[in-house]
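Please look through the sequence and the model shown below before reading on.

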Amino acid sequence: MKKVNGHEIIQLFEQWAPKHLAMDGDPIGLHIGQLNRPVERVLVTLDVNEQVVDEAIEKGANLILAHHPPLFRPLKQIATDTPQGRMIEKCIQHQIAVYAAHTNLDIANGGVNDLMADKLQLEDVRVLAETTAEILYKFIVFSPSTHTEEIRKALATAGAGAIGDYEACSYSSTGEGRFTPSEAANPHIGSANQPEVVDEEKIEVIVPESMKNRVLKALLNAHPYEEPAYDIIRLEQKGEVFGLGRIGHLSEELSLDDFATKVKEAFQVPALRFVGNPHKKVKKVAVLGGDGNKYIYAAKRSGADVLVTGDLYFHVAQDAESMNLAVVDPGHHVEQVMIEGVATYMSAQCASKKYDVQWIQSEIDTEPFQFK
């Protein structure tokens with residue numbers, strides 16, 4: 001097993017939830033400490049408070065990975081006789097780094113909103129509110145026919161040619177390549193100052209922006225020519241769509257009242273609020289972790305019968321009621337599904353890399369509300 005530092009852990013995590021997915025102004029990333037230290041244990045938590053830091057100290061965690069940024073607003077001072085100040089002081093004293101993944105983890109595939117959709121057993125799940133789409137490129141490379149298959153395999157292994165549920169997609173056409181090596185050249189085919197004609201194939205593949213550099217490196221490594229000819233063209237069509245919230249279907253229609261019970265049981269909350277006729281039939285369900293007040297119109301436009309979200313405002317509830325959109329509010333804290341989700345996913349990723357690091361799920365309940 002390989003000993004790792006915080007940078008290596010976060011680099012692996014950000015392959016899943018990259019920073020560029022986050023909403024503008026969201027203070028994600030490193031909040032306290034540094035990542036250039038060895039990490040043996042990572043504590044995953046929804047929130048960071050003094051009790052969570054005490055838990056990290058007790059369990060020997062070197063890194064805390066949180067969903068909610070602990071320093072959401074700029075600090076004017078760090079007074080260590082305040083709860084926030086003590087929390088920061090303890091982290092520094094015990095060399096515990098704190099990293100926050102907020103809306104990038106909400107948006108990422110398999111992130112908070114997908115975990116919530118899974119809890120409700122939704123089917124045919126897709127993005128509710130698009131925030132970005134991956135940029136696509138077409139790679140065109142000219143290869144001697146003797147090396148076409150080798151180059152095609154190298155491109156596919158690097159991630160090129162994935163279209164929907166299909167992998168290693170490419171297109172080829174044949175032709176003749178012409179060149180004359182100079183005296184300084186070291187040609188794979190031909191001789192200096194002698195015109196050469198070679199049977200070649202043009203290979204075309206689609207490459208998402210996130211894999212652009214990796215695919216180019218694979219292309220250059222696999223190509224036999226000293227100066228391979230290739231084009232990289234940015235495309236107008238969208239790649240994979242990313243966004244906040246998810247929308248899907250229940251396997252069978254339920255009354256709103258029965259669905260509210262399902263939500264309550266799925267997220268193990270003692271109580272919840274809902275808007276709408278209890279007898280209304282619901283099947284198409286939108287979910288959005290945290291504060292989803294801004295997204296009732298997106299849910300309605302998407303044809304949702306009901307939106308599951310937290311922190312519902314009084315007047316927003318009235319607006320939803322007037323447009324016949326049911327809303328179930330189990331609270332903001334149901335985002336705690338990310339604790340198990342992140343720990344499970346990252347444990348598997350680290351195991352595949354043979355990283356010697358343990359992922360620990362926080363046991364501190366940071367829900368501030370009590371119900372009577």
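## Pockets and salt bridges

Helix H1 (6-16), strand E7 (123-133) and strand E10 (196-208) each contribute at least two residues to the lining of the largest pocket; helices (H or I, at least four residues) and strands (E, at least two) are DSSP runs, numbered from the N terminus. This is a predicted model, in which local features need pLDDT of at least 70 and side-chain atom pairs count only at pLDDT 80 or more, while totals for chains, interfaces and linings use all residues. Residues are numbered from 1 along each chain as its sequence is written, and side-chain values use heavy atoms, with hydrogens and water left out.

A pocket is found on a 1 Å grid over the protein atoms alone, as an open set of points with protein on both sides within 12 Å along at least five of seven lines, and its lining residues have an atom within 4 Å of a point. Grid points are joined across faces, edges and corners, and a volume is the space filled by probe spheres (1.4 Å probe) set on the points. The largest pocket has a volume of about 890 Å³, and of the 27 residues that line it, the closest to its centre are Glu134, Pro208, Ser210, Met211 and Glu240.

The second largest pocket holds about 770 Å³ of space. Of the 31 residues in its lining, His68, Pro69, Phe72, His102 and His332 are the closest to the centre. Strand E14 (281-291) is one of the elements that supply at least two residues to this lining, and E14 gives the most, with four residues.

A salt bridge is a side-chain nitrogen of Lys or Arg within 4 Å of a carboxyl oxygen of Asp or Glu, and by this rule the count comes to 15. Three of these pairs are set out here.

| Pair | N to O distance |
|---|---|
| Lys3 and Asp356 | 2.8 Å |
| Lys90 and Asp54 | 2.8 Å |
| Lys138 and Glu204 | 3.2 Å |

Because Lys90 lies in helix H3 and Asp54 in helix H2, their pair ties together parts that are 36 residues apart in sequence. Both residues also belong to a network of salt bridges that links Glu50, Asp54, Arg86 and Lys90.

For accessibility, buried means under 20% relative accessible area, exposed over 50%, and partly exposed in between (1.4 Å probe, protein chains only). Lys3 is exposed at 56%, whereas Asp356 is partly exposed at 28%. Lys138 is partly exposed at 25%, while Glu204 counts as buried at 15%.
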